[in-house]
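Here's a quick tour for anyone meeting this structure for the first time. Have a look at the sequence and the model, then read on.

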Amino acid sequence: MPIRIEMPRLSDTMQAGTVVKWNVKEGQKVKSGDALADIETDKATMELQSFEDGTVASIAVPEGQNVPIGTVILVLAAPGEDVAAAKSGGGAAPAQKQAGGSPVNSGQSATATMEPPAGPTSAGQSSAGQASNGHAAPGRDGGRVFASPLAKKIAAESNVDLGSLQGSGPGGRIIRKDVEAAVGGAPGRGAGGSQAPGSALHTAKQAQPLARTQVSQPTRPAPMAMPSSGGGLVARIVPLSNMRKTIAKRLVESKTTIPHYQVTVEASMDALVELRGQLNEQLANQGIKLSVNDFLVRACALAMHQHPYVNTKWAGTPGGGGNEAIEYLPDVNVGVAIALPVMEDGTGGGLVVATIRNADVLGLRQISAETKRLSEKARTKGLSVEEMSDATFTISNLGMFGVEAFTAIINPPNTAILAVGGAVQKAVVKEGQIVPGHVMSMTMSSDHRVIDGAMAASYLNTVKSLLEKPATLLV
């Protein structure tokens, strides 16, 4: 019997997926665990792995096509089975249809957007979640070489073997100037040298197999290199990725259905900065370095016990209807916004919210370790659905980018989000004297259906008090 591999559901909101790149071809033998394709969902790009041994009999969906979950995308001939018979008998299941006969859209959040393999025509360009596997080409030894889409295109047009080049981009990635150097005969930085770390294909797997497939989240492409001095900008249109479409849809929905308002307070950070320095000095030999954000996560989580109305969600419909309710949540799960890198080709970026579960019962070390783990995974392999689910409150911190203050849009179904600027040293008044001091601005956007202005101010003042007396965060 032929093995029919269907488009799996890779996230809780996924309705359809895009085959960004096939990593196999018809007639190729595969083993369990081999990478079959890179699949773009509404949240990330993930590597689809085979859960069976066999031979590729038929690729039913071309690269760039967006199909509903459950659609057969590839047929394998089982070991010992005739490949031709499997191809003729394994046919692809048709895409689901709407009543009018047109194919079902990929949910309300996304349609196909992908980077072309190398040619001039495409269905769009890759998302922030596009894995670097989507930009890989076969090397001379049969392995895979990581290259930017533009580098691949130039190499194809100039008949340059990417496997003969050494990348000079981040993580050993081959970029445009490496190919141009090869075309011009110059050695360039891309020729020779040892392989840069971080270029190996990541093959981590998700814990749960999906039907006859299992999915892992591959390494993301490296952040883009800054253009050389005097380089000109290029006019272009980049279609939205599935992730960017989902971000746009959710934030428009948030701003149009949730009555936002903002409350801002400033906290003196001198005591916390001093305490953090002492702790990091003492913990340096253990490889632990606490950030200001670690203290902030703990302060926000502990303050929920005094102000549980912030740890809630709106359970009614946006337009009313008599069934509105406020649901008080038993767990304090703090979401931390993580910015994803922008790629060399200008695509990418985006934002994911990683969930630190039960943050109110975690110590600073645990919060620090979990935040670092989730941040690193978000920017490399990509977060799982579990790691992005169930946040009850969100923190968006742009202080590390030199931002002093900003406002953020609520992340539904949360009823509040805290926008945090940097701890900036400025002139402050203490005991009638103007002295230097560290001040941090915090602006909370709240859902006025649930949290009134005085309630938001009360919560923020509790957070402020915990930050200004940080010893309380250690117990």
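This is a predicted model: local features need pLDDT of at least 70, side-chain atom pairs count only at pLDDT 80 or more; totals for chains, interfaces and linings use all residues.

Let's begin with helix 4, which covers residues 242-257.

Which residues of helix 4 are buried? They are Asn242, Met243, Thr246, Ile247 and Ser254. These residues cover an arc of only 135° around the axis, so they sit on the same side of helix 4. Turn to the face pointing away from that buried side and you'll find Val252 and Thr256, which are exposed. As for what the buried residues pack against, the partners are strands: strand 2 (16-22), strand 4 (35-40), strand 7 (66-68), strand 12 (260-268) and strand 16 (351-356).

## Where helix 6 meets helix 8

Next up is a pair of helices. Helix 6 (residues 292-303) packs with helix 8 (residues 453-468) at an angle of about 135°, and their axes are 9 Å apart. That angle makes helix 6 oblique to helix 8. The crossing of the two is right-handed.

From helix 6, the residues taking part are Phe295, Leu296, Ala299, Cys300, Leu302 and Ala303; they meet Tyr459, Thr462, Val463, Leu466 and Leu467 of helix 8.

## A serine in strand 6

Is Ser58 buried or exposed? Its relative accessible area is 14%, and since buried means under 20%, Ser58 counts as buried. You'll find Ser58 in strand 6 (residues 54-59). Setting aside neighbours within four places in sequence, Ser58 is in contact with Glu26, Leu74, Val75 and Lys87.

Most residues other than glycine have a negative phi, and most peptide bonds are trans. A few spots here go the other way. Asn159, for one, has a phi near 60°, a positive value in a residue other than glycine. Asn159 lies in the loop between helix 2 (149-158) and helix 3 (176-184), and at 73% relative accessibility it counts as exposed.

Asp390 isn't a glycine either, yet its phi is positive at about 70°. Its place is in the loop between helix 7 (364-379) and strand 17, and with 48% relative accessibility Asp390 is partly exposed. Finally, the peptide bond from Pro412 to Pro413 is cis, with omega near 5°. Pro413 belongs to the loop between strand 17 (393-397) and strand 18 (416-430).

Key. Residues are numbered from 1 along each chain as its sequence is written. Side-chain values use heavy atoms; hydrogens and water are left out. Helices (H or I, at least four residues) and strands (E, at least two) are DSSP runs, numbered from the N terminus. The expected span of a helix is 1.5 Å times one less than its number of residues. Buried means under 20% relative accessible area, exposed over 50%, partly exposed in between (1.4 Å probe, protein chains only). The arc is that of the directions from the helix axis to the C-beta atoms. Contact means heavy atoms within 4.5 Å. Axes are lines fitted to C-alpha atoms, for helices over the stretch in contact, and angles run from 0 to 180 degrees between N-to-C directions. Angles under 35 degrees count as roughly parallel, over 145 as roughly antiparallel, 65 to 115 as roughly perpendicular and the rest as oblique. A crossing is left-handed if the near helix is turned anticlockwise from the far one by less than a right angle, and right-handed if clockwise.
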